[in-house]
Amino acid sequence: MFKVESVCRGARTGCFGAVKTPAAILHCRLGAPQHLQRDLLDKLPDPFIMHVPLSGIIPIPEARTIEQFGHNYSEFANLPGTVLFSAFDPGRSPPDKYNSELQVSLWTRNGRIKVDSTTYAEMAQSCRPDIAVPLSDVQSSHVTTKRQTRAIQRTKQHIDTFCASLPDKVSSIWLPVVGGTDISLREKSAKMVAEKASCYSEVTGFVLEGLCTGENRETRFQIIDAVMKNLPADKPRLVHSVSAIDEIIVAIEHGVDFFAESGKALSLDITSEKHPGSSTPLFLQLWSDEHQTDFRPLSAACTCYTCSTFTRAYIHHLLLTHEMLATILLTHFSGKFGSQLLMVIMKMYLRPSFTNMHQLVTNDKSLFDKGNNYRSY
């Protein structure tokens, strides 16, 4: 189902079914893309992968409600594209201290609940997603090594239980990699899921869980490097919570194929080979007053509905007045431009004359200072 088409300096292009990689995944926090109606969803790149976390759709609707509907979750929620089903919302810190040996805690709209692998498999059976990720004992970065070791053991049990009760209507499984900030534990977890992949034919990919939960940037890069080296090269890899462009570049160079969309107004122009001294910012600070009279689109290179219809000044006004339309327009832009950006990055890698992609996007170090708050919507 997944095929690597070319590899250049560690980065690789390929396809997962009809989806070209590297690609952005649209996050559906409460079971659907935030505020996007179907007509706007249809204007996103087709095909598209939608990430639906279980924590966003329980306790309502119940599994039996979706099952009685008679169709899969994508039709139930009127979602186009491929649906990826997992337990956690990567935008929230996991309630790790409440996990037990057989159950995992999730933050839902009704508070914290516990779910075991059998219940999770039943929900997957009802939703019939295109891709399902088994439960995992995801821990934050501050957790001790002893607890992270136990998390790997529990995750292995969750994988075995889920695959043993494998829903017959789930054709593809992506296995989670855990282990916190300990590089040796991350490698151990990656080797474990790689071994599981050889045991279950339904395993077609991997997910790197637990990033951006308190670790620094250097440690995050080391984790990505260590994990990718121990995963099979013939299967896709997804990384959650990595949305800064320079971090995406590093992840691509280590062989990552899928990223969650960032939810920020990206502005980097890499359609031409600029010298590393370029001062183009990575993100637009649309809350800034400098955009009050800026009648340019968010990106001149983007053809999405937002860029072809609205200006930076108008979106700045929507943000200041806290209009929901700002979220709608920026979410649509992020989904469309994020996918375009990843494909442009790969085209630049394939040019023999271009050798400094990472330096191009990190020339303005002030963008990453803690004092700069580049607010998303």
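**Figure 1. The loop that holds Pro22 in the predicted model.** Pro22 lies in the loop between β3 (19–21) and β4 (23–27). Strands are DSSP runs of E with at least two residues, helices are runs of H or I with at least four residues, and both are numbered from the N terminus. Thr21 and Pro22 are joined by a cis peptide bond, with omega about 5°. Most peptide bonds are trans. This is a predicted model, in which local features need pLDDT of at least 70, side-chain atom pairs count only at pLDDT 80 or more, and totals for chains, interfaces and linings use all residues. Residues are numbered from 1 along each chain as its sequence is written, and side-chain values use heavy atoms, with hydrogens and water left out.

**Figure 2. The loop that holds Arg128.** Arg128 sits in the loop between α4 (117–127) and β9 (131–132). Arg128 is not a glycine, yet its phi is positive, at about 50°. Most residues other than glycine have a negative phi. With a relative accessible area of 24%, Arg128 is partly exposed (buried means under 20%, exposed over 50%, and partly exposed in between, with a 1.4 Å probe and protein chains only).

**Figure 3. The loop that holds Cys212.** Cys212 is placed in the loop between β11 (203–208) and α7 (217–229). Its phi is about 55°, a positive value, although Cys212 is not a glycine. The relative accessible area of Cys212 is 33%, so this residue is partly exposed.

Figure 4. The protein has 12 helices and 13 strands. Of its 377 residues, 54% count as buried.
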